[in-house]
Every structure is written in structure tokens, then in C-alpha cells.
Number of protein chains: 2
Amino acid sequence: MKTLRVPEATVTRLSIYSRFLERLDRNGVTTVSSGEIAEGVGVSPAQVRKDLAYFGEFGTRGVGYNVKDLMKYTLKILGLDQNWSLAIMGAGNLGFALCTYRGFNVRGFNIAGVFDKDPTRIGKRIGKLEVQALSKFPEIAERENIRIGVIAVPISAAQEVADLMVKNGVEAILNFAAVALNVPDEIEIRNVDLSVKLEILTFNLGFRAAQSL
Amino acid sequence: MKTLRVPEATVTRLSIYSRFLERLDRNGVTTVSSGEIAEGVGVSPAQVRKDLAYFGEFGTRGVGYNVKDLMKYTLKILGLDQNWSLAIMGAGNLGFALCTYRGFNVRGFNIAGVFDKDPTRIGKRIGKLEVQALSKFPEIAERENIRIGVIAVPISAAQEVADLMVKNGVEAILNFAAVALNVPDEIEIRNVDLSVKLEILTFNLGFRAAQSL
DNA sequence: TAGATTGTTAATCGATTAACAATC
DNA sequence: TAGATTGTTAATCGATTAACAATC
């Protein structure tokens with residue numbers, strides 16, 4: 001068993017390459033070079049080739065890459081050659097926004113259930129979805145084969161919701177609550193803290209001001 | 001002029017340290033060691049000390065760090081010893097969720113205006129805010145000293161909105177639209193692509209399955 | 001063949017970690 | 001003083017880039 005280690009930054013870039021390739025394809029472009037991809041997404045050509053080299057040889061020397069083929073390969077690498085059922089945990093404002101976010105659908109993510117524990121929210125409709133009680137999670141997770149859950153509940157409820165998902169077979173979690181969650185090692189988890197992102201900006205603004213003194 | 005280069009990961013961790021310190025402070029803890037911070041946020045003690053060392057000496061050898069002091073220092077480093085006025089561009093579901101997100105307020109971010117170009121949205125209230133026409137942006141940005149803007153509009157409108165902000169003195173942009181924006185070099189810009197985050201998870205699920213073959 | 005571009009290796013760059021002198 | 005923990009240096013680790021042989 002080879003243990004190839006792929007940098008997470010490479011995976012992020014592959015996402016971006018695949019979007020760029022889709023755009024080229026829509027525009028009828030059939031062949032592209034690493035330099036053109038690099039130019040299009042703002043990295044170096046060597047970076048593009050290196051990122052792809054982790055997974056195979058997809059180009060033709062002297063020619064470049066076939067846009068349609070490379071697009072398919074990158075999507076397959078990312079696991080996007082299949083559809084994924086998501087659970088959105090929390091039907092507050094953020095949960096609502098996530099349920100209606102069109103960016104998920106175009107990449108093959110299908111929201112199979114939205115859950116809340118607030119009785120005033122349960123039963124309400126969000127588009128084609130109906131907000132479900134947390135108690136319905138096990139049944140729906142099983143039926144819909146939900147492997148990925150998104151946490152959009154307040155900090156105080158985040159751990160409880162994570163536990164519920166882990167207990168019911170969820171393998172990966174995207175967590176919007178600003179708290180470090182305790183989950184087994186084998187669960188993939190990533191945090192998105194919106195305020196941290198802003199703080200990188202304020203740091204840089206202040207830092208730049210200090211440098212120019 | 002020294003050109004100290006601080007890794008972005010260090011800034012992200014400082015955000016997380018500062019939250020952990022606030023929690024300790026609320027719990028009445030007065031002194032903390034790099035090892036305890038490391039334990040609390042899931043990094044190495046050397047990492048904690050190295051991150052802080054970019055900015056000065058904040059501890060006492062043999063003793064540790066004073067929680068209140070270190071909390072203040074980290075907040076100051078991040079630029080959070082002042083309040084920041086934000087503009088939310090786009091009053092769709094995501095814009096609405098951002099306007100009502102309480103995580104911003106506790107870190108000193110104040111939403112000073114929410115803007116949209118859809119006439120059916122203009123004038124609607126979101127909490128204490130009223131959705132403003134894009135044409136009001138210059139006036140309000142100036143009056144409220146808006147230096148940071150958040151883009152929560154569809155891809156098709158993102159560049160236009162970015163241009164408007166840059167023209168009116170915005171220095172930093174948090175972009176939720178899945179498109180690379182063209183802004184002058186001196187503008188700080190970070191993208192948050194919700195789908196890319198999910199794709200890192202699907203990649204890892206697929207990758208792990210492949211490794212265990 | 002000449003020109004172009006890939007795939008890959010080696011060099012470089014940068015970030016993390018281990019180790020320890022400084023010092024409370 | 002003995003014990004503890006910082007601040008910092010040097011070693012290690014990992015990611016990016018430059019360069020070029022392979023080859024279309």
C-alpha cells in the first residue's frame with residue numbers, strides 16, 4: 001500500500017482548475033497548456049504540472065492537455081464523478097442560506113435533509129425541503145446515504161449535532177460553528193470560521209500600516 | 001524598514017489562540033503555558049511560542065503567560081483593538097445570514113450597511129439594517145468609514161460590486177462568489193468558496209478508500 | 001527536423017519542530 | 001537552589017519552483 005501524501009493546497013487548486021476547465025469547455029476550447037491554466041487561475045505552470053503529477057499523466061508533450069479529458073480527470077480525482085447527499089444541520093439563517101446555495105448543486109452535492117431541534121422551525125419548507133426534527137436524522141441519513149454533514153447550529157449545540165452524525169455513519173463534517181469539535185480520528189472535519197477570515201484581513205491592514213511607518 | 005514575513009497560518013492560529021484565551025479568562029484562569037494553549041487548540045507548544053515570537057516577548061520564563069495580557073496582545077496584533085465597519089454586498093440568502101451572524105459582532109465587526117441592486121429588496125429591513133441601493137454605497141462608505149467589504153452576490157455581479165468598492169476606498173474584500181476577481185494589488189482579498197471546502201472532504205473520502213484497497 | 005510542452009528531478013524556499021540556553 | 005517554562009537557534013520536514021530530458 002503506497003502512502004502518497006497530497007498537500008491539501010493541491011486539492012484546493014484542483015477544485016479551482018476543474019472550474020477553469022469547465023469554463024474553457026463551455027467556451028469551446030479543446031486544448032490547454034499548463035501555462036494557460038496557470039495564467040487563468042493565478043499560479044505557476046510548474047505548480048499546475050506538479051499538482052497533476054500526483055495523480056497520473058494527463059497531457060501530451062509538445063501539445064498540452066485535452067480540456068474535456070482533463071476536466072473529467074480532475075472531477076474524478078476530487079470524487080465528483082458521483083453525487084453526494086448532504087445533511088444541513090441547523091435551519092437558522094446560515095442553514096437556510098446553505099440550503100438555497102446553488103453552488104453546491106452544480107458540483108454534484110444534493111441536500112438530502114435539513115434538520116433542527118427548534119419546534120417552531122420543524123416542518124417549515126425551504127425550497128423543496130422540509131425542516132426535519134433531529135430525531136429523524138438516523139432514518140433519513142440511512143435512507144439517503146448521507147456521508148457528509150454540514151454544521152450550521154450555534155456553538156452550544158455543535159458538539160451534540162456532531163455526535164449524532166458520527167453515531168449515524170456520517171464520515172465527513174464541514175463545521176461553521178466557531179468551536180473545536182471532538183470527533184473520532186477517522187472522521188474528516190474542516191472548520192469554516194467566517195470571523196477568522198475577516199481577522200486575516202484586519203491583521204494585514206494593520207500590519208501594512210505598521211510596515212510603512 | 002524591516003520586512004517581517006508572517007505566515008498566514010500563524011495569523012489564523014492567533015485568531016484561534018485569542019478565542020481560547022478569552023474562554024480561559026471567562027473561566028477565571030489567570031496564567032497559561034504554551035503547552036496548555038497548544039493542548040487547548042490542537043497544535044504543538046513550539047508552534048504557539050514561535051507564532052507569538054513574531055510579534056514580541058509576552059511571557060515570563062518559568063511561569064507562562066498572563067491570560068488577560070496575552071489576550072489583549074493577540075487581539076491587538078489582529079487589529080481587533082478597534083471596531084471595523086463592514087459592508088455586506090448582496091441581500092440574498094447568504095447576505096441575510098451574514099447580516100444576522102452574531103460571530104462578527106463579538107469580534108468588533110459592525111455591519112454598517114447592506115446593499116443590493118434588486119429593487120424588490122431595497123428598503124427591506126434585516127434586523128436594524130435597511131437594504132440600500134448600490135448607488136448609496138459611496139455616500140455610506142464614506143460616512144461610516146467602511147474599509148472592508150463582503151461580497152455575497154451572484155458570480156455575474158461580483159466583479160462590478162468589487163469595482164464599486166475599490167473605487168470608494170474599500171481596502172479589503174472577503175469574497176464568497178466562486179470567481180477570481182480582478183482588483184488592484186494593494187487590495188487585500190480572500191475567497192471563501194463553500195463548495196471547494198466540501199470537495200476537500202469528498203477528495204479525502206475517495207482517497208482514503210483508494211489507499212485501503 | 002524544429003518548436004513546443006509535458007513529466008520529473010534537483011534546488012530552493014519556507015514552515016514546523018526539537019532542543020536547549022536563558023531566566024523566572 | 002531546583003523546577004519550570006520561555007524565547008530562540010538549528011535541524012527537519014514539506015512544498016514550490018527552476019531547469020531540463022523526454023517526446024509529441
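Which side chain has an N or O atom 3.3 Å from a sugar or linking oxygen of DNA strand C? The side chain is that of B:Gln47, and here are some notes on what else lies around the DNA.

1. First, the ground rules. This is a predicted model, in which local features need pLDDT of at least 70 and side-chain atom pairs count only at pLDDT 80 or more, while totals for chains, interfaces and linings use all residues. Residues are numbered from 1 along each chain as its sequence is written, chains are lettered from A and ligands numbered from 1 in the order in which they are written, and side-chain values use heavy atoms, with hydrogens and water left out.

2. Let us start with DNA strand C. It is surrounded by 25 residues, and the closest are A:Ser34, A:Arg49, A:Gly59, A:Gly62 and A:Tyr65; a residue is near a strand if one of its heavy atoms lies within 4 Å of it. Of the atoms of DNA strand C that come within 4 Å of the protein, 69% belong to sugar and phosphate.

3. The side chain of B:Ser44 places an N or O atom 3.1 Å from a phosphate oxygen of DNA strand C. A base nitrogen of DNA strand C, in turn, is 3.2 Å from a polar side-chain atom of B:Arg49.

4. Which element gives the largest share of the surface near DNA strand C? Helix 3 of chain B does, with four residues. Helices (H or I, at least four residues) and strands (E, at least two) are DSSP runs, numbered from the N terminus. By class, the surface near DNA strand C holds six nonpolar, 10 polar and nine charged residues; Ala, Val, Leu, Ile, Met, Phe, Trp, Tyr, Cys and Pro count as nonpolar, Asp, Glu, Lys and Arg as charged, and the others, Gly among them, as polar.

5. Now for DNA strand D. Among the 25 residues around DNA strand D, the nearest are B:Ser33, B:Ser34, B:Arg49, B:Gly59 and B:Tyr65. Sugar and phosphate make up 68% of the atoms of DNA strand D that come within 4 Å of the protein. Helix 3 of chain A provides the largest share of the surface near DNA strand D, four residues.

6. Some individual contacts to DNA strand D deserve a look. From chain A, a polar side-chain atom of A:Arg49 is 3.2 Å from a base nitrogen of DNA strand D.

7. Next, the helix pair in chain A. The axes of helix 2 (residues 34-41) and helix 3 (residues 45-53) of chain A come within 8 Å and cross at roughly 110 degrees, which makes helix 2 of chain A roughly perpendicular to helix 3 of chain A. Axes are lines fitted to C-alpha atoms, for helices over the stretch in contact, with angles from 0 to 180 degrees between N-to-C directions; 65 to 115 degrees counts as roughly perpendicular, under 35 as roughly parallel, over 145 as roughly antiparallel and the rest as oblique.

Technical notes: Polar contact = N/O pair within 3.5 Å; in protein donor to acceptor, adjacent residues only side chain to side chain.
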